[in-house]
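Dear colleague,

Please find the structure below, together with its sequence. My notes on what was found in it follow.

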Amino acid sequence: MASPGYGKRSAPGQRPRTEHDFAHLLPRDAAVAAYIDGLCDGADISVKTLAKTLPYGQCALRTTLNRLQEAGHLRRGSECIATEEALLWVTRTFFSRTGHDDDWWDTFIRGDVPQEQAQAQAQAAQRPTRSRSFILLAALGRNTPTLTLSQTDCAALEPQVTEWFERGATEPEILHALTEGLPPRIHHAAALIRRRLLDKLPPLREASPTPRVVLRTLECRECRAPGNATAMPGGLCTTCRGTAPGTPNGPAGAVPDHGVRARMSAVRAGLVPRAERAGRTGRD
């Protein structure tokens, strides 16, 4: 795992994995992409770390990561995390199983929800899902068979467990309250659990402030200059692509950036050495 603030971050709008996710890439690039895709968020995907695990050298891996940027699977950038104490910039390496164009990445860094994610959320909302409370109750009988509950019991006790979660209780705390010091014989598991959930209900806890992303930017893969996706097609800024800017900087008649060195060389060539200047002054 990488240090806090670094490492892989999965981009939103991921489609389900298939055998052909990276078939459009070169074999080495596809193998590295599949490996990164299988890592959890926060995993160290720096060139040095990847070289210790994968059968490729650092130069080859650096080239592959650049190609993954060009294909829209990877972007490097920063996020500004706001807490009550300060604003903190942390480095991010965003990875997407689905290749996206620069417009999609530009939408992503602005904080908008890309279209693919909105569709996935709509589909997920249509599928019935079990709550965290229901799953905890249904799993009680795995480790404590005497507390096995029926589906009807789980549905009836679900609101009580949800109240525990709303008060800041964790799953281990709830399990400890329900399973610690059980009597030798239990005649009605649902009644016992209902009684314990009521009698041992914890007080309301003040929730700690959750960090919130207030600003996000991308970086050029070569010079690390910040910018948006539109200004860095394929992850490269204008300077590193070798493309002349559309509008020259500076006042009218100013020497363009790429001509400064040539102009300075010409000026130096026209200067009279100090020794010759002293001689000319004495003769005058």
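**Pocket, helix packing and confidence**

The lining of the largest pocket is made up of eight charged, five polar and five nonpolar residues. The model is a predicted one, and the volume computed for this pocket is about 390 Å³. Of the 18 lining residues, those nearest the centre of the pocket are Ser 46, Val 47, Arg 76, Thr 93 and Arg 224. Two elements, α3 (58-70) and β3 (87-95), each give two or more residues to the lining.

Helix α3 also packs against helix α1 (residues 27-37), at an angle of about 80° and with the two axes 10 Å apart. Since angles of 65 to 115 degrees count as roughly perpendicular, α1 and α3 are therefore roughly perpendicular to each other. On the α1 side, the contact involves Arg 28, Asp 29, Val 32, Ala 33 and Ile 36. These meet Ala 60, Leu 61, Thr 63, Thr 64, Leu 65, Arg 67 and Leu 68 of α3. By class, the residues of this contact are seven nonpolar, two polar and three charged.

As to confidence, the mean pLDDT of the protein is 79, with 76% of its residues at 70 or more. Among the elements, helix α10 (residues 189-199) has the highest mean pLDDT, 94. The lowest, 50, belongs to helix α5 (residues 115-126). Where pLDDT is low, predicted coordinates should not be read in detail.

With kind regards

Terms used. Residues numbered from 1 in each chain as written. Predicted model: local features only at pLDDT ≥ 70, side-chain atom pairs only at ≥ 80, totals over all residues. Heavy atoms only, no water. 1 Å grid on protein atoms, 1.4 Å probe; cavity = no way out; pocket = protein on both sides within 12 Å on 5 of 7 lines; lining within 4 Å. Points joined across faces, edges and corners; volume = space filled by probe spheres on them. Helix = DSSP H or I, 4+ residues; strand = E, 2+ residues; numbered from the N terminus. Nonpolar A, V, L, I, M, F, W, Y, C, P; charged D, E, K, R; others polar. Axes fitted to C-alpha atoms, helices over the stretch in contact; angles between N-to-C directions. Parallel < 35°, antiparallel > 145°, perpendicular 65-115°, else oblique. Contact = heavy atoms within 4.5 Å. pLDDT = per-residue confidence, 0-100.
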